[in-house]
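Hi,

Here's the structure I said I'd pass along.

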Amino acid sequence: MRRKTVPAAVRFERHYIPEPNSGCWLWIGKISNRGYGCFDNHMAHRFAYELFVGPIPDGLVVDHQCNNSACVNPDHLKAMTQSANVRRYSDKKLFCPKGHPYDERNTYVNRGHRTCRICTSKAGVVWARRKREAKRVFPL
């Protein structure tokens with residue numbers, strides 16, 4: 001006797017729950033170490049996009065407009081280029097990795113990347129000190 005297989009769409013719907021406040025559909029199935037849902041060897045948000053919206057166009061990635069990597073709500077997913085996705089993510093950051101604010105006074109853009117003036121200044125001081133110490137140890 002042959003076993004009936006449950007369609008992927010039905011199995012998929014068993015692995016998320018709607019979150020009433022944000023509107024996110026929270027993935028309760030397997031989660032990757034980066035916080036993304038996993039379903040049948042696919043990323044759950046990509047599967048949801050293809051299931052409810054349609055095929056992902058070539059060269060595009062699926063971005064979480066809600067900034068919740070465990071969300072699979074197709075209304076919160078948008079296909080975009082990888083560069084637009086990275087730019088959108090970096091624009092959300094309000095502080096540099098060391099905790100200094102990205103504001104007009106402390107930020108300059110170098111080749112399309114925001115740079116923290118405080119961190120750059122501190123790195124220059126450290127570099128100059130090391131250079132002076134190296135000259136003392138190894139004079140020419």
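**Salt bridges and overall shape**

At 23% relative accessibility, Arg88 counts as partly exposed. Keep in mind that this is a predicted model.

Asp63 is buried, at a relative accessible area of 7%.

How many salt bridges does a search of the whole structure find? Two. Asp40 and Arg11 form a salt bridge too, and their closest N and O atoms are 2.7 Å apart. Asp40 is in the loop between β3 (38-39) and β4 (42-43) and Arg11 is in helix α1 (residues 8-13), so this pair ties together parts 29 residues apart in sequence. Both ends are partly exposed: Asp40 has 37% relative accessibility, and Arg11 has a relative accessible area of 26%.

Zooming out, the protein chain has four helices and eight strands, in the order α-β-β-β-β-α-β-β-α-β-β-α. Its radius of gyration is 23 Å, well over the 14 Å that the globule rule gives for 140 residues, so the chain is more spread out than a compact globule. The C-alpha trace spans about 85 × 35 × 30 Å along its principal axes, and buried residues make up 24% of the 140.

On charges, there are 25 positive and 11 negative ones, and their mean positions are 11 Å apart.

Cheers

Technical notes
Residues are numbered from 1 along each chain as its sequence is written. This is a predicted model: local features need pLDDT of at least 70, side-chain atom pairs count only at pLDDT 80 or more; totals for chains, interfaces and linings use all residues. Side-chain values use heavy atoms; hydrogens and water are left out. Helices (H or I, at least four residues) and strands (E, at least two) are DSSP runs, numbered from the N terminus. The radius of gyration is taken over C-alpha atoms; the globule rule is 2.2 Å times the number of residues to the power 0.38. Buried means under 20% relative accessible area, exposed over 50%, partly exposed in between (1.4 Å probe, protein chains only). Lys and Arg count as positive and Asp and Glu as negative; His and the chain ends are not counted. The place of a charge is taken as NZ of Lys, CZ of Arg, CG of Asp or CD of Glu. A salt bridge is a side-chain nitrogen of Lys or Arg within 4 Å of a carboxyl oxygen of Asp or Glu.
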